[in-house]
Amino acid sequence: MTDLPVDERIGHHVKRAEQHLIAAKHSAVQEFGLTVSQYTVLLVLSTESGLTGAGLARRCLVTPQTMSAVLTTMERVGLVERLPHPTHQHVLETRLTPLGKGRLRKADRAAVAVEQRLSELFSPEERKTFLEYLGRCATALES
């Protein structure tokens, strides 16, 4: 067999929770014509306008190739625009369009409701501790 049963593996439980979270967010944002990846791009760009595709890929935790495909679709439907950087003509900056901003406003209400439903399972102190634990996990695995 294995050295550690599946139900005792922290990673298994984290992945299971992540899959349920993504499924819930997918249901929430698809009503607004978005995928979870597209919603995440809109959300990141709402606070960090002008990121490159590579920068967005890092922020959204996907590969540059995946981000390129997501941005191509989003640009085609008018959610984002990619324009050359003022001084580096070969670098494309990505910005939300008015349509993208409007779609984000609507979809974000639904995504926040998912987050709130999850958050309400914990007391304020438990939430703080849980976030600390997740931070520790990320830190331990980053190196």
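**Exercise 1. Is Glu115 buried, partly exposed or exposed, and what is its relative accessibility?**

Solution. The model is predicted, so local features require pLDDT of at least 70 and side-chain atom pairs count only at pLDDT 80 or more, whereas totals for chains, interfaces and linings use all residues. Residues are numbered from 1 along each chain as its sequence is written, and side-chain values use heavy atoms, with hydrogens and water left out.

Step 1. The classes are defined by relative accessible area: buried is under 20%, exposed is over 50%, and partly exposed lies in between (1.4 Å probe, protein chains only).

Step 2. Glu115 has a relative accessibility of 34% and therefore counts as partly exposed.

**Exercise 2. Identify the salt-bridge partner of Glu115 and state where the two residues lie**.

Solution. Step 1. A salt bridge is a side-chain nitrogen of Lys or Arg within 4 Å of a carboxyl oxygen of Asp or Glu.

Step 2. The side chain of Glu115 meets that of Lys25 in such a bridge, with an N to O distance of 2.6 Å. This pair links distant parts of the chain, since Lys25 belongs to helix α1 and Glu115 to helix α5, 90 residues apart.

Step 3. Lys25 has a relative accessibility of 15% and so counts as buried, while Glu115, at 34%, is partly exposed.

**Exercise 3. Describe the salt bridge of Lys15 and name one further bridge in the structure**.

Solution. Step 1. The structure holds six salt bridges.

Step 2. Lys15 pairs with Glu18, and their closest N and O atoms are 3.3 Å apart. Both residues lie in helix α1, three residues apart, which is about one turn of the helix.

Step 3. Lys15 is partly exposed, at 43% relative accessible area; Glu18 is likewise partly exposed, at 39%.

Step 4. One of the other bridges joins the side chains of Glu75 and Arg82, at 3.1 Å from N to O. Glu75 counts as partly exposed, because its relative accessibility is 32%.

**Exercise 4. Determine how helices α2 and α5 are oriented and which residues meet**.

Solution. Step 1. Axes are lines fitted to C-alpha atoms, for helices over the stretch in contact, and angles run from 0 to 180 degrees between N-to-C directions.

Step 2. Helix α2 (residues 36–47) packs against helix α5 (residues 98–119) at about 110°, and the axes are 10 Å apart. The two helices are therefore roughly perpendicular, a class that covers 65 to 115 degrees; angles under 35 count as roughly parallel, over 145 as roughly antiparallel, and the rest as oblique.

Step 3. Contact means heavy atoms within 4.5 Å. From α2, Tyr39, Leu42, Leu43 and Ser46 meet Gly100, Leu104, Ala107, Asp108 and Ala111 of α5.

**Exercise 5. Characterise the surroundings of Ala111**.

Solution. Step 1. Ala111 is located in helix α5 and counts as buried, with 1% relative accessibility.

Step 2. Apart from neighbours within four places in sequence, Ala111 is in contact with Lys25, Ala28, Val29 and Tyr39.

Step 3. Ala111 and Leu134 are 23 residues apart along the chain, and their C-alpha atoms are separated by 20 Å.

**Exercise 6. Which residues form the nonpolar patch, and which element gives the most to it?**

Solution. Step 1. Patches consist of residues with over 30% relative accessible area and no salt bridge; like charges are joined within 9 Å, and nonpolar side chains (Val, Leu, Ile, Met, Phe, Trp, Tyr) within 5 Å. Accessible areas come from the Shrake-Rupley method with a 1.4 Å probe; for residues, only the protein chains shown count as cover.

Step 2. The patch is formed by Ile10, Val14, Phe130, Leu131 and Leu134, which together have about 460 Å² of accessible area. The elements giving two or more residues are α1 (10–30) and α6 (124–142).

Step 3. Helix α6 gives the most, with three residues. Leu131, found in α6, is exposed, with a relative accessible area of 57%.

**Exercise 7. Summarise the chain as a whole**.

Solution. Step 1. Helices (H or I, at least four residues) and strands (E, at least two) are DSSP runs numbered from the N terminus. The chain contains six helices and two strands, in the order α-α-α-α-β-β-α-α.

Step 2. Of the 143 residues, 24% count as buried. The accessible surface comes to about 10,000 Å², of which 58% belongs to carbon and sulfur atoms.
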